[in-house]
Amino acid sequence: MDNDDVISTLNDLIETCKDGEYGYRASAEHLRNAETRMRFAQAADQCSLATNRLAAEVVKLGGKAEDGGSVAGAIHRAHPKRLRKRCA
């Protein structure tokens, strides 16, 4: 695996972590139970921490780190919002 492949793989992982962070934060906004909301916020923080660590490795290897999540993640997060609107 050459350097570009490693950077590409790390950037894929960054997108996955960003998707997780965004998903946990978006879900936490809709939770009524304070403890569960806190756990989701903590999970989002852990995803953010992983993103920062992965991004540092990408930079160390001379690459440019991804700065957002994936299109698939955005669609996945949007789907429950549309469903809630239909049910309201």
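At the start of helix 2, a side-chain oxygen of Asn33 comes to within 2.9 Å of the backbone nitrogen of Glu35. This contact belongs to a predicted model, in which the mean pLDDT of the protein is 83 and 76% of the residues reach 70 or more. Helix 2 has the highest mean pLDDT among the elements, at 96, and the points below therefore begin with that helix and end with a caution about helix 3, where the mean pLDDT is the lowest, at 52.

**Helix 2**
- Helix 2 covers residues 34-60, 27 residues in all, and spans 39 Å from its first C-alpha to its last, which is close to the 39 Å expected at 1.5 Å a residue.
- After helix 2 comes Gly62, a residue with a positive phi, near 90°.
- The buried residues of helix 2 are Ala44, Cys47, Ser48, Thr51, Leu54, Ala55 and Val58, and what covers them includes helix 1, residues 3-28.

**The largest nonpolar core**
- Eight residues form the largest nonpolar core, namely Ile7, Leu10, Ile14, Cys17, Leu54, Ala55, Val58 and Ala65.
- Helix 1 and helix 2 are the elements that give two or more residues to this core, and helix 1 gives the most, with four residues.
- Leaving aside residues up to four places away in sequence, Leu10 touches Leu54, Glu57, Val58 and Leu61.
- In soluble globular proteins, nonpolar side chains tend to be buried together.

**Confidence**
- Helix 3, residues 71-87, has a mean pLDDT of 52, the lowest among the elements of the protein.
- Where pLDDT is low, the predicted coordinates should not be read in detail.

Methods
Residues numbered from 1 in each chain as written. Predicted model: local features only at pLDDT ≥ 70, side-chain atom pairs only at ≥ 80, totals over all residues. Heavy atoms only, no water. Expected span 1.5 Å × (residues − 1). Buried < 20%, exposed > 50% of the residue type's maximum accessible area, 1.4 Å probe, protein only. Contact = heavy atoms within 4.5 Å. Polar contact = N/O pair within 3.5 Å; in protein donor to acceptor, adjacent residues only side chain to side chain. Core = buried A, V, L, I, M, F, W, Y, C linked by side-chain atoms within 4.5 Å. pLDDT = per-residue confidence, 0-100.
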